[in-house]
Amino acid sequence: MSGIYFRPVVPLLISLMVGIWTGCHFPGRWTAFWGFAVFGLGVLLFLIIRKRQGRIAPFLFFVALGYLSIQPWISPLFLPNHIVHFKDASVYTIEGTVAGKPIKEKARSRFILTAKAISDKDKFVPVTGRISVSIYGQDPGLSPGDTISFPSKIRSFRNFNNPGKFDYARHMSFRNIWGTAYTSGMRLTVLHKGNTNGIRQKIENFRSRISLWIDNQRSDSAKGVLKALVIGDRSQIASPVRSGFYRSGVGHILAISGLHIGIVATASFLFFKWIFTHIEILLWHAWTRKAAAIASLAPVILYGLLAGMSPSTQRAVIMVSLFLLSFLIEREHDTINTLSVAAFLILMVHPPSLFSASFQLSFGAVFFILFGFISFDKTPLMEQKTAGTSGIRFLFRIRSFFLASLFATLGTFPFVMYYFNQVSLIGLLANLVIIPIIGFIVVPLGLISVLLYSLGIPLADGCIHLSLTILQQAVYLVQWMSNFPYAAIQTFTPTTFEMIGYYLLILVLLLKREKQISLKTVRIAVSIIVFAGLTDFGYWVHHRFWHKDLVITAIDVGQGSAVLLELPGGKTFMVDGGGFSDNSAFDVGEKIIAPLLRLKKIGTIDTLILTHPDSDHINGLLYLADHFNVESIWTNGEGVQTGGYRRLMDIAEKNNIRFPAYEQIPKNHEINGVRLNILYPPENFLARREKERWRNLNNNSLVIQVRYGSTSFLFPGDIMKQAEKELIQQVGEGLKSTVLLAPHHGGRDSNTTPFIRTVSPEQVVVSSGWKNRFGFPHPAVMKAYKAHGSRVYNTATHGAITFRSDGKQLKIKSELKVKE
């Protein structure tokens with residue numbers, strides 16, 4: 001059969017995706033797109049009745065359909081009693097039903113609550129909507145279906161508003177979750193337990209029993225991985241093990257997706273086909289393959305239920321089920337068209353799936369595997385015809401497996417860079433070795449063990465032990481490979497333009513091999529793509545190394561402080577890194593600052609400057625020091641016995657980062673016309689600390705001033721009144737600066753009138769968290785700056801603030817627009 005197929009679903013799918021993307025980025029135009037939908041449908045029906053073909057009408061209809069389908073998540077119309085109308089108000093007693101299995105972490109449990117009512121002293125209001133709830137302290141032992149009540153505010157989701165940010169609020173709206181609440185286990189009341197006899201609860205109870213059964217086995221490091229493979233619970237995979245899998249390029253196997261469901265489908269299909277070849281009536285009617293495909297649906301769905309039916313698992317079950325059902329079609333079917341039908345159905349049911357990493361990675365991998373095999377005149381493994389000697393067939397399968405890994409890698413390469421900023425250089429080799437072991441041995445053994453366990457057959461323990469033993473060796477092998485030098489490299493975040501260019505280039509080359517486009521078209525297309533790529537490369541080289549501006553970004557890190565300095569010529573400095581008290585709960589360096597740096601194509605930080613070692617200044621620097629090329633670290637030398645400071649020193653020693661003593665750091669620097677001066681503290685401050693008790697961590701902060709032409713910036717850390725007074729005495733009029741980062745986040749114990757008058761800033765930046773518990777910035781401080789004539793920006797309301805200076809003029813851009 002010719003490699004050229006008619007694929008009617010593909011353009012419809014593309015139209016739907018265009019509509020969903022448009023609806024997400026340009027929401028609220030309901031009327032216009034309802035008009036497009038009605039017009040497109042009318043024309044489409046007219047063409048069908050007249051038996052005529054058309055291209056514009058179907059495109060217009062499905063674009064409009066995609067646009068309208070995403071609006072309930074992007075621009076929803078809430079009922080008057082929806083939970084969103086009670087957010088960011090007073091404390092209520094919230095009553096509702098636990099909607100899913102709570103996720104247990106170190107110091108808390110998280111779950112989704114379907115709210116039923118809220119009440120306070122004066123009113124009781126029935127409500128609708130779902131919220132995310134975190135329970136701290138005592139674990140109340142909740143289960144899905146439990147009805148509970150507790151006191152809490154309902155808070156809005158807040159983004160860290162930086163360039164290229166992860167939109168957490170939108171992510172939660174895609175899950176139909178519209179607020180968050182916090183309480184302690186002691187204050188939570190279970191009104192009544194959920195129905196333990198329901199099908200859903202029975203499945204959860206069975207999964208819990210399997211989890212406990214695996215826990216009782218030996219082989220500690222492999223148990224968490226086996227739980228991930230069998231019941232979809234990845235919470236107990238040790239961090240070093242998880243990191244090793246991702247560095248080796250086999251991290252995808254830890255999340256149950258198309259690969260796992262496909263393996264179960266393939267094994268089931270071959271097993272049932274062998275069974276049905278012995279049934280005469282099926283042979284007579286040529287129904288062995290069809291019957292095997294139908295029978296295989298049961299194991300696929302059961303595995304999905306056992307794995308918890310997460311969104312990625314649901315998509316995999318739908319996709320694989322459609323491929324199995326395609327065997328019922330009498331004529332030969334096109335696998336690309338079948339894949340498009342699966343994607344189309346998933347997007348119709350849940351349009352936000354388009355923006356899911358798992359959706360993009362799964363369909364990207366499968367599409368390129370299928371298209372790659374078609375282009376190479378080969379079919380996927382499930383449909384291969386065996387021929388020749390057993391040795392030739394074996395080599396053919398090895399080659400096919402290698403090609404499948406290669407096509408999957410090519411198909412997901414930009415997405416892996418975009419979401420993980422890491423590319424494994426040994427991924428093809430690791431997949432060639434690890435997937436057969438885990439996919440075709442460990443997973444089947446694990447699932448057979450579960451089947452035997454559910455039937456009460458004693459052989460189950462031996463089977464699970466064998467599965468864990470083999471898996472343990474696979475984990476050791478993964479860890480060994482991940483320790484290779486340059487097993488994986490950190491990457492920058494590709495832009496949408498770069499990702500589109502990459503995929504166009506790969507598709508053009510595959511289409512040429514499939515002989516669907518001419519050599520002349522290929523040469524023109526490749527020339528345009530290469531030219532665009534070189535232009536993009538030139539832009540980023542200029543943006544990073546050839547620019548003559550000083551760019552300073554006050555990053556929105558919540559309650560903390562972090563400032564990025566990009567100097568003319570490309571050198572970069574970080575002044576503090578923000579941070580929460582517990583990096584294991586949320587790492588500001590990893591989740592906020594690193595993505596911003598990688599978006600800007602910054603891989604080297606010449607100097608990390610720590611003004612003082614409080615957690616909201618130091619903890620975000622730890623990840624940067626460990627994962628970026630850092631040349632040196634400046635501190636005031638005041639060592640403290642905190643985990644963060646000791647960790648920073650350990651990282652500096654491990655990575656050979658220069659860590660000079662404070663006395664050895666030159667206090668005046670000039671780099672490509674930019675003067676960077678350390679103004680404070682005095683070099684003998686440690687010796688004076690015993691007698692002058694006010695010299696605490698805050699008052700001993702490094703104070704940095706950056707000057708470029710007629711513009712200047714002052715970064716005073718968390719100095720307070722006494723340090724401000726001494727600084728004025730030492731520097732005097734030299735403190736005058738165009739831009740000031742308000743000391744101590746705009747607190748009242750800093751920002752004195754003499755300090756404001758001496759610095760005389762035109763622009764003031766307050767780096768603080770939204771409605772933080774410290775009350776930063778203090779209203780009196782804000783009033784004082786405004787009375788002085790300074791314009792005040794706050795990262796809590798403006799997001800990141802970027803200043804760009806050519807030495808003469810200063811341009812200011814905030815991530816969020818705020819009405820003054």
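How far apart are the end C-alpha atoms of helix 20, and what should its 13 residues span at 1.5 Å a residue? The 13 residues of helix 20 (residues 615-627) should span 18 Å, and the end C-alpha atoms are 19 Å apart, which agrees. The expected span is 1.5 Å times one less than the number of residues.

## Basis of the model

This is a predicted model, in which local features need pLDDT of at least 70 and side-chain atom pairs count only at pLDDT 80 or more, while totals for chains, interfaces and linings use all residues. Residues are numbered from 1 along each chain as its sequence is written, and side-chain values use heavy atoms, with hydrogens and water left out.

Helices (H or I, at least four residues) and strands (E, at least two) are DSSP runs, numbered from the N terminus.

Among the buried residues are D616, H617, L621 and Y623. The cover includes strand 13 (572-577), helix 19 (588-599), strand 14 (604-609), strand 15 (629-634) and helix 21 (643-654).

An open sheet of mixed pairing is formed by seven strands in the order 16-17-18-19-20-21-22; two strands pair if DSSP finds at least two bridges between them. Strand 16 (668-671) and strand 22 (791-794) are the edge strands, each pairing on one side only. From one strand to the next, the twist averages 15° (axes are lines fitted to C-alpha atoms, for helices over the stretch in contact, and angles run from 0 to 180 degrees between N-to-C directions).

Strand 16 pairs with strand 17 (residues 674-680) in the antiparallel sense over four bridges, and N668 stands opposite N677 in strand 17. Helix 23 (residues 721-731) packs on the sheet and touches strand 17 and strand 18 (703-708), its direction making about 125° with that of strand 17; contact means heavy atoms within 4.5 Å. Helix 25 (residues 779-788) also packs on the sheet, touching strand 20 (739-741), strand 21 (763-766) and strand 22, and its direction makes about 145° with that of strand 22.

## Backbone exceptions

Most residues other than glycine have a negative phi, and most peptide bonds are trans. A cis peptide bond joins Y680 and P681, with omega about 5°; P681 lies in the loop between strand 17 and helix 22 (685-688). The bond from F776 to P777 is likewise cis, with omega near -10°.

Phi is near 50° in N421, which is buried at a relative accessible area of 7%. K771 has phi near 50° but is exposed, with a relative accessible area of 62%.

How values were computed:
Buried means under 20% relative accessible area, exposed over 50%, partly exposed in between (1.4 Å probe, protein chains only).
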